Amino acid sequence: MPVKILLDENEIPKKWYNIQADMPNLPGPSYNPMTKEPVKPEDLAPIFAKELIKQEVSTERYISIPEEIREILTLWRPSPLYRAKRLEKLLKTPAKIYYKYEGVSPAGSHKLNTAVAQAYYNKQDGIKRIATETGAGQWGSSLAFATRHFDMECTVYMVKGSYEQKPYRKMMMHTWGAQCYPSPTNMTNSGRAMLERDPDTSGSLGIAISEAVEDAATHDDTNYALGSVLNHVCLHQSIIGLETKKQLSMVEETADVVIGCAGGGSNFAGIAFPFVKDKIDKKNPDVEIIAAEPTACPTLTKGLYAYDYGDVAGLTPIMQMYTLGHDFIPPSIHSGGLRYHGMSPLVSRLHADDLIKSVAFHQNEVFKAAVAFAETEGIIPAPESAHAIKAVFDVAEECRKKGEEKTIVFNLSGHAHFDMTAYEAYFEGNLPDYEYPAELIAASLKKLPQL
Amino acid sequence: MKKIGFLVNPISGMGGKVALKGTDGQADYARSLGAEPVSEIKANSFLNSLNSNYISDILFFTPAGPMGEDSLKKAGLKNYRIISNPDYPSDAEDTKEACEAMLSENVDLIIFCGGDGTARDVVSVTKTKIPVLGIPSGVKMFSGVFAVTPEAGAEILGLFPDVLISETEVLDIDEEEYRKGNLRAEVFGIAKVPAIPHKRQGGKWVSSGSDERNRKEIGDFLAEIIQDDVLYLVGAGFTAKSVFDSLNLSGYTMLGVDALINREIIQKDLSEKDILNLLRRYKSVKIILSPIGAQGFLLGRGNQQFSPDVLKKAGIENIIVAATEAKLSVTNELFIDTGDPSLNIMFPDSILVICGDCMAQRIPVAGLKN
């Protein structure tokens, strides 16, 4: 039994899987925040590439991956699937644990899968520069690398707090030729307005999105790119689950439990959607699919399934999704990638239809699991991915108690090489166990947009 | 042989239940309001928790009568020597005199049952010459010299002198000013204490202006979740009271309990009796509390109006706890000492503490449940 299950380069999938073709119910339409009318493709044209807008609403089951994209993906894909034998031994579980490792990408996470695709389609449209935001820096560095490949410029608005805390993420972006600015900047109206109100602000993802969108909307040669949430991003990430299924079949396994962490939902969608298809098709009807979230930002677990804005300022389309309220600013937990008030509308719909489940964990229990994983399997997991690991621990423990030999597979979406201060804080006992007080909030729901 | 000074301040703690915020100069008044002596009960709990393994190795030095001797007798102990004969009712001078006498007997440690006022009197004599340990029985215990419970105090004494001795601030508050709502925790002096993690109360952590914004977020959030026709009993402290600022209500009692219904303050500075009267009139009730400083005391320190009777009637599930992030950063655990052990164990293992807009931290409940 091999520890690493590897595919050949020519086995990189040739098509992405689009779950919109198979979902029993599609999410409701998105609405224009200004007119409150359903969003039309032309509304998105000023900031998104044509092909990406098409993919956003496509119901075609499989969409071909252009050869130019596959060629770049060969730098790290197919990514390995590992059998976590040492971890199984530590947990004394009869369950078989597999993990798909996306940290092998040059930027260190799954984000590059969609960054390359988005850069490619923008290049096709003659776009010279892409503006984006980044919180922890994973997405910014991925897009920096992708735009470099297509000889485009990249402007990253990085949340000022992270910009100061994570100098190496910033240097990665510089190395790949991107311009990275601490947001809010004095280069955009939204940035200037924010600085006027609070010159010492450490910024937020909401503000950074506003700056990047404004930059793209006010420059003809510039488009905007989002690293999660949207349908086309989930589509590009489906390559993770497609490879995983092929790798499991090589060792004659069928997944019983599939787990991913969920912030905006894209890495979860990536591992899960091809398995959700099997559940819908009744090929594997009992497969359990679990999204792991932080208790500080438990969008699926405790949020409301409703219509809400995708950003704080209310500039993005109003989407049907699970939300904690667009004005909710999650506390500064060390899993920056999971600090988002909303959730991918596709993931949300599947959750509303009971095709997937969700669980939420506190920071300290997550890091405890992360350290145990690092001690046995070697890889130090990104704090975000560690939420999935904690969920795996719980399922494996259930299996131990019941003597069940389930096959668990999870997405190890990235490594923690730029997040070691989070581990330091954990070891020093300085991580607060934040929790969203859902029961109290339920009594008076936060303001949601009226349609 | 361990030479231990032992003294009880017979009047301390009496003001708490009747909302006096301290008993200095108020003992008769407190008695007239129906207060009962607390320190004697705490002294008994402490002495009854002493373990027979080490008790024979202890020689107590204590004042005659209610200031010590009576409690030792009641506990069936004979290994003590009388070092002073106070005139009763006793006062601060008697405490100081007893401590002087203990020093001249070269005791190794002074254990006293009292509150901040008693700590101040003891330390004014001992300075840092010998360590002291308070058995909590006052109304206010902001100083860092107190064991968490009488039982914990007994455990510390068992380990003494093989424990780390550290220095801590003794704080006090002018009781006259405190009754008016002015909280000025001043450092009165430095004391030596046997240091045992989680067994001794840390000095109260006094919030600085830097977390004002955080407190406003908490107040705004609490104001947002306030429901109609529900009685809110808002406890002492800046953070709990922030809800009033956010509702634009002034004139509240910073260090007492005020009642709020439909966004109006209906009664201020409530005693236990006042609260019980209100609970008879209103069916739906919520209690808003903030933990006291670094001690992490949620109940039992500074807010004894929330008595076991009150908490049982209101229901412990109706307690909403709030604290600033800065305060939580020095509060590893919450201590609950309602005065009724059967009620203490009803509290969950951890409590959600509101620390911002739509945000809380889960803090473990420790110590007294075990």
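The centres of domain 1 and domain 2 of chain A, taken over C-alpha atoms, are separated by 25 Å; the domain bounds come from an automatic or database domain assignment. The model is a predicted one, in which local features need pLDDT of at least 70 and side-chain atom pairs count only at pLDDT 80 or more, while totals for chains, interfaces and linings use all residues. Residues are numbered from 1 along each chain as its sequence is written, and chains are lettered from A and ligands numbered from 1 in the order in which they are written.

Domain 1 of chain A comprises 4-9 + 65-107 + 231-442, and domain 2 comprises 112-226. Between them, 23 residues of domain 1 are in contact with 26 residues of domain 2, two residues being in contact if their C-beta atoms, placed from the backbone, lie within 7 Å. On the side of domain 1 that touches domain 2, helix H3 (67-73) and helix H11 (231-250) of chain A are the elements that give two or more residues. Helices (H or I, at least four residues) and strands (E, at least two) are DSSP runs, numbered from the N terminus. This side of domain 1 has 13 nonpolar, 7 polar and 3 charged residues; Ala, Val, Leu, Ile, Met, Phe, Trp, Tyr, Cys and Pro count as nonpolar, Asp, Glu, Lys and Arg as charged, and the others, Gly among them, as polar.

The largest nonpolar core has 231 residues, and those with the most contacts inside it are A:Val392 and A:Ile408. Helix H16 (residues 383-402) of chain A gives the most to this core, with 9 residues. A nonpolar core is a set of buried Ala, Val, Leu, Ile, Met, Phe, Trp, Tyr and Cys residues joined through C-beta atoms within 7 Å. A residue is buried if 20 or more other C-beta atoms, placed from the backbone, lie within 10 Å of its own, exposed if 12 or fewer, and partly exposed in between. By this criterion, 14 of the 20 residues of H16(A) are buried. A:Gly403, which follows H16(A), has a positive phi near 65 degrees. Leaving aside neighbours within four places in sequence, the contacts of A:Ile408 include A:Ile97, A:Val257, A:Val392 and A:Val395.

Chain B contains 14 helices and 16 strands, and 52% of its 370 residues are buried. The contact between the chains takes 12 residues from chain B and 14 residues from chain A. Helix H9 (212-225), strand E15 (350-356) and strand E16 (359-366) of chain B each supply at least two residues of the side that touches chain A, with the largest share, 4 residues, coming from E16(B). Strand E16 (residues 434-435) of chain A pairs with E16(B) in the antiparallel sense over 2 bridges, pairing being assigned if DSSP finds at least two bridges between two strands. In E16(B), B:Gln361 stands opposite A:Tyr434.

Each chain also shows local backbone features. A cis peptide bond joins A:Arg77 and A:Pro78, with omega about -5 degrees; another joins B:Tyr88 and B:Pro89, with omega about 0 degrees. Although not a glycine, A:Lys92 has a positive phi of about 50 degrees, and A:Lys92 is exposed, with 9 other C-beta atoms within 10 Å.
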